[in-house]
Amino acid sequence: MTPRAIIIGAPRSGSGKTSVTIGLLRAFARRRVKVRGAKTGPDYIDPGFHEAATGLPGINLDSWAMHPSLLCHLAHGQASETELLIIESAMGLFDGIRSDPNRSGAASDLARMFGIPVLLVLDVSGQSQTAAAIAHGFAGYDPQVRMAGCILNRVGSERHRTLCSDAIGSIGLNVLGSVLRDPTLALPERHLGLVQASEHPAMDAHINRLADVMEASIDLDAVFAAAVRFQPPAGSSERALAPPGQRIALAQDEAFTFLYPHVAAHWRAQGAELVPFSPLADQTPPEHCDVCWLPGGYPELHAGRLAAADNFRNSLARFAERRPIHGECGGYMVLGETLEDAEGMTHRMTSLLSHRTSFAERKMNLGYRQATLQADSAIGTAGDIIRGHEFHYARVVAAGCDEPLAIITDGAGKPIGPSGGRRGHVSGSFFHAIARN
């Protein structure tokens with residue numbers, strides 16, 4: 001089969017892209033279309049919703065963090081044996097790092113690189129004909145990024161829909177559907193974005209409701225017809241993160257959840273075995289594993305339980321005597337001495353590194369990062385350059401005395417300085433690794 005692809009874009013975050021995308025994915029799956037999802041940019045949550053909607057794994061396609069050869073490899077794999085690939089844009093369609101216009105991280109990079117058209121979701125609440133001016137701006141902003149049409153979201157009435165649709169139609173763009181304003185369609189959020197699909201109560205029922213709405217509101221045949229035939233080059237996985245070991249003990253529960261799907265898939269493809277265990281259940285990293293990986297997540301919401309997990313903490317210390325351990329973001333917080341929660345209560349952590357973190361006085365840290373590793377560790381070898389990002393509200397309140405894991409810059413190359421820590425076999429950082437440069 002020859003796959004087709006389309007990008008769901010919008011002028012900004014909060015326009016309703018995710019609800020529309022999830023609803024469309026389930027609606028097409030109901031039609032027995034083999035449909036998969038992808039998310040642009042550094043988002044480890046939405047691919048889980050895409051998988052929940054389709055039953056097939058989601059993926060990230062990040063033009064800034066991923067070398068073009070890796071981007072092609074992942075896009076090719078996601079499109080393999082797929083009839084329709086729906087790619088959800090992060091933020092606004094053209095939002096990214098402008099120092100390299102072809103590797104900005106914006107969804108428009110993928111539209112340009114692969115010739116994929118964009119279905120523009122317009123939140124028309126508080127406007128009518130003005131929506132046409134916005135759509136016109138998108139249609140003309142970059143001649144290499146083609147608009148396939150628009151979906152009107154949060155429409156107030158039939159008259160409101162007609163005013164918007166007629167104005168957009170007059171500039172030569174098709175309106176493929178309109179979704180009425182309904183606050184109950186929104187997915188629940190918390191400080192790092194959406195509540196994850198695995199945690200959402202009655203998730204399947206909510207996805208089915210989204211699909212019902214999209215089926216009633218959007219011309220699915222027109223959406224499928226607007227998608228273009230998509231045959232990206234095979235690319236190469238050479239720039240993917242190498243497996244840190246043959247058998248990887250992977251912390252996996254409500255406190256440790258943020259591992260990029262493409263990272264786990266590549267590790268498995270290279271023959272590594274991922275062995276999950278739950279720190280919240282006071283489980284130990286399995287003894288037959290040769291490395292332990294603590295991914296990001298929400299340890300700040302479960303700090304008391306983690307502090308009481310003596311079996312986990314003691315076994316992790318024994319593991320670190322002979323084998324590597326790496327922590328990303330939330331995992332890094334747990335590797336420190338203490339974690340202060342939102343109420344100001346300080347909880348004991350593993351003390352495998354000497355820093356202390358706090359969630360009591362929140363400060364958002366968000367952005368792409370390029371890390372140059374200062375020594376060998378589970379994440380790579382000295383001198384490796386890794387691209388990734390940070391997204392956290394916690395902060396280091398005592399830096400400790402460990403050697404830095406990496407020297408980092410922001411997405412535009414501006415120096416930030418030392419990041420994370422390493423001591424013996426243990427390493428960690430707030431930095432989420434996506435791919436090798």
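Me: What volume does the second largest pocket have?
Reply: This structure is a predicted model, and the pocket is computed from its protein atoms alone. For the second largest pocket, the volume comes to about 930 Å³.

Me: Which element gives the most to the lining of the second largest pocket?
Reply: Several elements each supply at least two residues of this lining, among them helix 2 (46-54), helix 3 (68-79) and strand 11 (247-251). Strand 12 (273-277) and helix 9 (261-269) also belong to that group. The most, 7 residues, is given by helix 9.

Me: Into how many nonpolar, polar and charged residues does the lining of the second largest pocket divide?
Reply: The lining is made up of 38 residues, of which Glu51, Gly58, Leu259, Pro261 and Ala264 lie nearest the centre of the pocket. By residue class, the lining of the second largest pocket divides into 21 nonpolar, 13 polar and 4 charged.

Me: Is Cys329 buried or exposed?
Reply: UniProt, in an unreviewed entry, places the feature "active site" at Cys329. In the model, Cys329 lies in the loop between strand 14 (325-328) and helix 12 (330-335). Its relative accessibility is 5%. Buried means under 20%, so Cys329 counts as buried.

Me: How does Ala222 count by relative accessibility?
Reply: Ala222 has its place in helix 8 (residues 220-226). The relative accessibility of Ala222 is 25%. Values under 20% mean buried and values over 50% mean exposed, so Ala222 counts as partly exposed.

Me: What distance separates the C-alpha atoms of Ala222 and Gly149?
Reply: Along the chain, Ala222 and Gly149 are 73 residues apart. In the model, the separation of their C-alpha atoms is 9.6 Å.

Me: Which strands stand at the edges of the open sheet of 4 strands?
Reply: The order of the strands in this open sheet is 16-15-17-20, and the pairing is mixed. Each edge strand has a single partner strand, so one side of each is left without a neighbour in the sheet. Neighbouring strands of this sheet are turned by 30 degrees against each other on average, direction ignored. The strands at the edges are strand 16 (346-348) and strand 20 (395-398).

Me: Which residue is the bridge partner of Arg356 in strand 20?
Reply: Strands of a sheet pair through backbone hydrogen bonds, either parallel or antiparallel. Here, strand 17 (residues 356-358) and strand 20 run antiparallel and are joined by 3 bridges. In strand 20, Arg356 has as its bridge partner Ala398.

Notes
Residues numbered from 1 in each chain as written. Predicted model: local features only at pLDDT ≥ 70, side-chain atom pairs only at ≥ 80, totals over all residues. Heavy atoms only, no water. Pairing = 2+ DSSP bridges. Axes fitted to C-alpha atoms, helices over the stretch in contact; angles between N-to-C directions. Buried < 20%, exposed > 50% of the residue type's maximum accessible area, 1.4 Å probe, protein only. 1 Å grid on protein atoms, 1.4 Å probe; cavity = no way out; pocket = protein on both sides within 12 Å on 5 of 7 lines; lining within 4 Å. Points joined across faces, edges and corners; volume = space filled by probe spheres on them. Nonpolar A, V, L, I, M, F, W, Y, C, P; charged D, E, K, R; others polar. UniProt positions renumbered as here; feature names shortened; annotations may be inferred.
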